[in-house]
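Here is a brisk report on one protein chain.

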Amino acid sequence: MMGKIDELIDKLAQDAPTVKPAPHPVVLSLEWTMVAAVYLGVSLIISGLRPDLMLKLQEPLFLAEIAALTGIVVTTCLSAALLSFPDLHQMRRAAFAPAIVFALFVLVILIAWRADSPPAPPPVHSFECTFSITMLAVLPAVWTFHVMRKFASTHHYWAGSIALLFAFSIGALWLRLYELNDSVMHVIEWHYLPMIFVGLAGMWLGRAILKW
């Protein structure tokens, strides 16, 4: 009798499908970052760069803004990967790294706003910028949520919020490199303040899509 049970156990073990181990969150975030970089590059090839970009990159505040925005993309990517796992892979501090980068980003924008005196004239458009960023963010958002669903996040609110901010910040970076605009107030109102609502919408999407 015991021999038959042992044979059954051996047979079940042999028939069991091989489960591919989940990638390390750092590796996962590097893959997402590379995909985001390619997506951003292709988008800029299609749209083109702002004609004065090389001159703007010589301005310390604009360069700091681009660097901080890039930091948001990278840290939200890492955070989203970590939040995909129930235990955050014992890297809780890294999961909350976007908070530090966002604080630095706000500081840079506030300094740029104070330095914009007299204020540069705003462009003739307004909400079109938010709409353009959102449209460019759709593909990375869908792809990120699709990948995150394969894991077992127990932090679906924060995971959804960070994932959507990751996608939106890609669009925001694209627009700053493409749009010929020097009005800091316009950028605050129509590029960056919508991030607050994007983060809230991401919490709702996280509960709807990532909860299991």
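## Contacts and overall fold

A contact means heavy atoms within 4.5 Å. Among contacts in the protein chain with a separation of 6 or more, 85% join residues 24 or more positions apart.

The model is predicted: local features need pLDDT of at least 70, side-chain atom pairs count only at pLDDT 80 or more, and totals for chains, interfaces and linings use all residues. Residues are numbered from 1 along each chain as its sequence is written, and side-chain values use heavy atoms, without hydrogens and water.

The chain has 10 helices and 0 strands (DSSP runs numbered from the N terminus: helices are H or I, at least four residues; strands are E, at least two). Of its 212 residues, 42% count as buried (buried is under 20% relative accessible area, exposed over 50%, partly exposed in between; 1.4 Å probe, protein chains only).

## The α2/α8 pair

Helix α2 (residues 25-47) and helix α8 (residues 156-178) have axes that come within 10 Å and cross at roughly 35 degrees. Axes are lines fitted to C-alpha atoms, for helices over the stretch in contact, with angles from 0 to 180 degrees between N-to-C directions.

Residues of α2 including Trp 32, Tyr 39 and Leu 44 meet residues of α8, among them Phe 166, Ile 170 and Trp 174.

Leu 61 sits in helix α4 (residues 60-83) and is partly exposed, at 31% relative accessible area.
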